[in-house]
Amino acid sequence: MKKNIHLWATLAFVLLCYGVFRYVHTHPDSAHTVLNFFVFGMAIVSILLLVGCRLYRRNHSSVGISRLCEMVLNLDVPAFIWADDMSTLFTNEAMDEILGISESEDPGDSAVLLTSLFYKMGLTPRDAAERLAGRTYRSVLHSEGSANRYISWSTTVMKEGNFASLYFTTGFEMTELVNAKQSLTSYAQDLAASESRYALSMKLSGIGILLCESIHDVYYVSEEAKKFLGIDTNEITFSDFRMKLHPDDRLEFDNYLNKIRNTEKTTASSKARTMELRIRASAGTPYIWYSYHYHENLTYSTGRPIIGGALIDITGEKYKDATIERLAFLDETTEIANRNKLLQDGPLIFDRCKATNTACWIIVLDIDRFHIINDSTGYENGDKILRNFAHILCKYSTPGGFAARVGADNFVLIVHDYSDYGDEDLPRRTIERIRLDMAEHPDVSFSALPITCSAGYARIPSDGDSFMQALEHAEFALAMGKGELSYMMGYDATMHQEIVSQGEMENELAAAISRREFLLYYQPKVDMHTKKIIGAEALIRWIKPDGTMVSPNVFIPIAERTGMISEISRFVLEEACSQNALWQKSQFTPIVMSINFASGDFYQKNICETIRDVLVRSDLDSKWLELELTERLALGDVSFTIQQMNALREMGILLAMDDFGTGYSSLSYLQQLPLTLLKLDRSFIVEIETDMVAQEIVSAVIKIAKSMKIETIAEGVEFEGQAKILRDMGCDYVQGYLYGKPMPADRFAKRLAEQTVQLETL
Ligand code: C2E
Ligand code: MG
Ligand code: MG
């Protein structure tokens with residue numbers, strides 16, 4: 001509108017000028033007067049306009065600006081009025097502070113101040129008006145030594161002019177706001193970083209977190225825990241969680257919840273606890289073992305109580321534990337309990353029987369001739385036999401009892417006596433059933449005939465003061481069988497008496513040694529084909545002063561245990577060698593003298609010197625002396641055995657393995673020993689006519705021995721039928737009642753004399 005007034009005024013003036021011009025042109029005579037009036041009128045109008053404008057300005061502008069200036073002074077926020085021609089600057093106190101002007105100071109030139117202000121605001125004086133007017137402009141004011149200030153400027157045009165316009169600018173201090181926003185941003189960034197660090201570490205550590213404010217029944221679930229539980233959401237109710245637990249672990253979890261809820265929450269820290277839980281992600285998937293770590297007394301920093309803990313997958317450890325336990329307590333071959341397990345659980349069974357006034361039977365079982373079967377038919381077959389036997393035993397281990405393999409072919413079976421009358425026959429029945437099962441079981445058969453077992457048993461808790469003692473008593477009962485086939489014996493008090501009497505016998509034996517109450521008997525060893533005596537086995541006899549004879553089976557083990565054996569052996573060695581030398585001097589056909597060697601003798605370092613000394617003194621060539629060793633003895637210190645045996649063989653002494661088949665040695669091991677003779681144990685011979693198993697074993701052993709260039713002799717041959725079978729099998733020599741019982745030297749000499757005469761007459 002303002003611009004239109006100018007236009008109209010200009011148009012009116014032009015029209016007036018044109019009218020005056022036309023009038024002067026048409027009336028030239030009055031032109032001078034008209035022009036005078038026109039000029040004079042124009043002068044009057046100009047004066048009036050000038051005065052009017054002044055008055056208008058004074059009345060409208062000046063009055064408004066001075067009011068505004070007053071307002072500006074009263075403002076708390078920075079404010080200033082300025083002209084874009086830099087001619088004017090009016091500031092309030094807050095603005096002075098920004099400009100760095102103190103009250104007492106001369107503010108200085110407005111142009112200078114404004115220029116410096118604009119530069120501070122990031123503007124140039126030229127573009128200041130354009131960038132500020134009618135807008136909001138934000139600037140950062142840097143000042144040395146103090147923090148940046150953030151101000152949002154708002155500018156209103158107060159008066160527009162052709163050459164200069166007037167502006168009113170107010171600043172809104174944003175410093176605190178910006179700082180708050182910045183710290184909020186960095187806090188949010190820190191939080192995000194910490195959260196991702198936390199999430200990453202949880203992921204890397206594989207720990208799942210469950211948290212719940214104890215008033216609620218919902219767990220907050222971390223990402224890892226979601227995977228463990230097979231859920232997509234971050235929450236799971238206690239009841240849903242409980243349903244994911246293994247039924248056997250639910251009660252423990254319930255107890256935990258009750259306890260946690262009833263624990264008074266304090267800010268005091270509590271001890272960390274652990275509970276092992278099996279959780280499955282969904283039905284049909286396997287249960288996984290987790291360790292749940294928790295504190296009874298968890299609270300937020302706000303003091304609000306919470307329930308929660310960390311879940312750690314421990315399935316691997318569980319498997320490791322199970323494997324360790326398996327290795328520690330399970331027999332690898334048969335996968336039943338081993339000796340460790342028996343010694344761990346046995347005492348518990350013993351205590352339980354005592355406490356509940358019930359009874360158990362502990363049965364110690366041995367597979368008859370297992371070692372020889374194992375040797376001759378291969379270890380694979382042997383393992384199969386052991387496994388089958390173990391499974392048969394498991395069948396008979398009543399609840400609360402168990403079966404264990406405690407040695408090579410030694411097993412222990414514990415059966416509970418559930419009768420209320422004390423079933424004395426229970427072990428015997430059980431053993432018989434086991435034997436029947438062995439006979440029926442196709443895998444346990446060895447060459448169509450069944451393998452048998454022997455057993456000794458004792459009653460828990462009455463047959464011992466402890467489990468170990470009851471076990472020893474059962475073992476003792478078994479040992480009474482001395483390798484007899486299908487032997488079965490229960491422990492009784494008379495056996496105990498026997499143990500006691502052994503102590504008495506020790507004293508008697510010591511006295512017998514000093515009184516020289518020993519005598520040697522000689523048993524012939526005969527060539528299978530010529531039927532001639534080719535040797536004698538010296539067998540010791542203890543003749544008591546009252547004339548009773550004590551079997552070596554009774555006193556030799558005591559002598560071995562007490563160390564008295566060395567004196568006995570020395571006597572046997574000297575006596576047997578000098579006897580043989582004497583027979584040779586009597587012109588009898590020379591024979592080999594065999595003496596039995598005990599482990600105590602064999603492990604003497606100077607045994608070679610001792611024997612050499614005896615041979616020299618008795619004037620007997622070493623080739624007429626044979627030492628009989630047992631498998632048990634030869635298996636003691638293997639390297640020493642080999643060394644010692646080699647030394648003896650180098651001296652020319654013959655070496656026989658006695659009682660072969662009753663001990664624990666393997667044929668392959670025997671190959672390493674410099675043996676000259678293998679003595680098949682009497683237990684194989686006794687029933688060789690009827691027992692096909694025995695036949696097979698003997699035949700196999702003879703064959704193997706032959707392949708090793710070791711001669712064989714059969715002990716305990718009593719019947720011609722036995723001899724015939726052995727001869728057919730290729731056995732080299734025989735010894736037994738059929739050819740002569742052990743006899744005193746004079747009777748043996750007669751046999752030798754007869755034989756020598758026969759030979760001479762041939
Ligand atoms: P061994 O060395 O195996 O001796 C064979 C045993 O079988 C002898 O028993 C012998 O009398 C017996 N015997 C031989 N033929 C038959 C037979 O046809 N039927 C029967 N039923 N038995 C037969 P003995 O003399 O009672 O000796 C038993 C064991 O005592 C010996 O077994 C040996 O281990 C040990 N022994 C005997 N004398 C000595 C010795 O001087 N020193 C050592 N360390 N041990 C000895
Ligand atoms: Mg012998
Ligand atoms: Mg023997």
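**Reading helix packing, metal sites and aromatic pairs**

Author: In this predicted model, the axes of helix H4 (residues 110-120) and helix H5 (residues 125-132) come within 10 Å and cross at roughly 65 degrees. Helices (H or I, at least four residues) and strands (E, at least two) are DSSP runs, numbered from the N terminus. Residues are numbered from 1 along each chain as its sequence is written, chains are lettered from A and ligands numbered from 1 in the order in which they are written. Local features need pLDDT of at least 70, side-chain atom pairs count only at pLDDT 80 or more, totals for chains, interfaces and linings use all residues, and side-chain values use heavy atoms, with hydrogens and water left out.

Reader: What is the handedness of the crossing of H4 and H5, and which residues meet?

Author: Two packed helices are described by the angle between their axes and the distance between the axes. Axes are lines fitted to C-alpha atoms, for helices over the stretch in contact, and angles run from 0 to 180 degrees between N-to-C directions. The crossing of H4 and H5 is left-handed, that is, the near helix is turned anticlockwise from the far one by less than a right angle (right-handed if clockwise). From H4, Thr115, Phe118 and Tyr119 meet Pro125, Ala128 and Leu132 of H5, where contact means heavy atoms within 4.5 Å. These residues divide into five nonpolar, one polar and no charged; Ala, Val, Leu, Ile, Met, Phe, Trp, Tyr, Cys and Pro count as nonpolar, Asp, Glu, Lys and Arg as charged, and the others, Gly among them, as polar.

Reader: Which residue bridges the magnesium ion (ligand 3) and the magnesium ion (ligand 2)?

Author: Asp658 bridges the two ions, which lie 3.9 Å apart. The magnesium ion (ligand 3) is coordinated by Asp658 (OD), Asp659 (OD), Glu715 (OE) and Glu715 (OE), at 2.1 to 2.4 Å, with the donor residues spaced D-D-x55-E. Asp659 is partly exposed, with a relative accessible area of 26%, whereas Glu715 counts as buried at 11%.

Reader: How many aromatic pairs are found in the whole structure?

Author: A pair of aromatic rings is described by the distance of the centres and the angle of the planes. Rings of Phe, Tyr and Trp (its six-membered ring) pair if their centres lie within 6.5 Å; planes under 30 degrees apart count as stacked, over 60 as edge-to-face and the rest as tilted. The search finds 20 aromatic pairs. In one of them, the centres of Phe518 and Trp542 are 6.2 Å apart and the planes stand at 45 degrees, so the pair is tilted. Trp542 counts as buried, at 1% relative accessibility. For Trp542 and Phe555, the centres are 5.6 Å apart and the planes at 85 degrees, so this pair is edge-to-face.

Notes:
Buried < 20%, exposed > 50% of the residue type's maximum accessible area, 1.4 Å probe, protein only. Donors = N, O, S within 2.8 Å, 3.2 Å for Na, K, Ca; no water.
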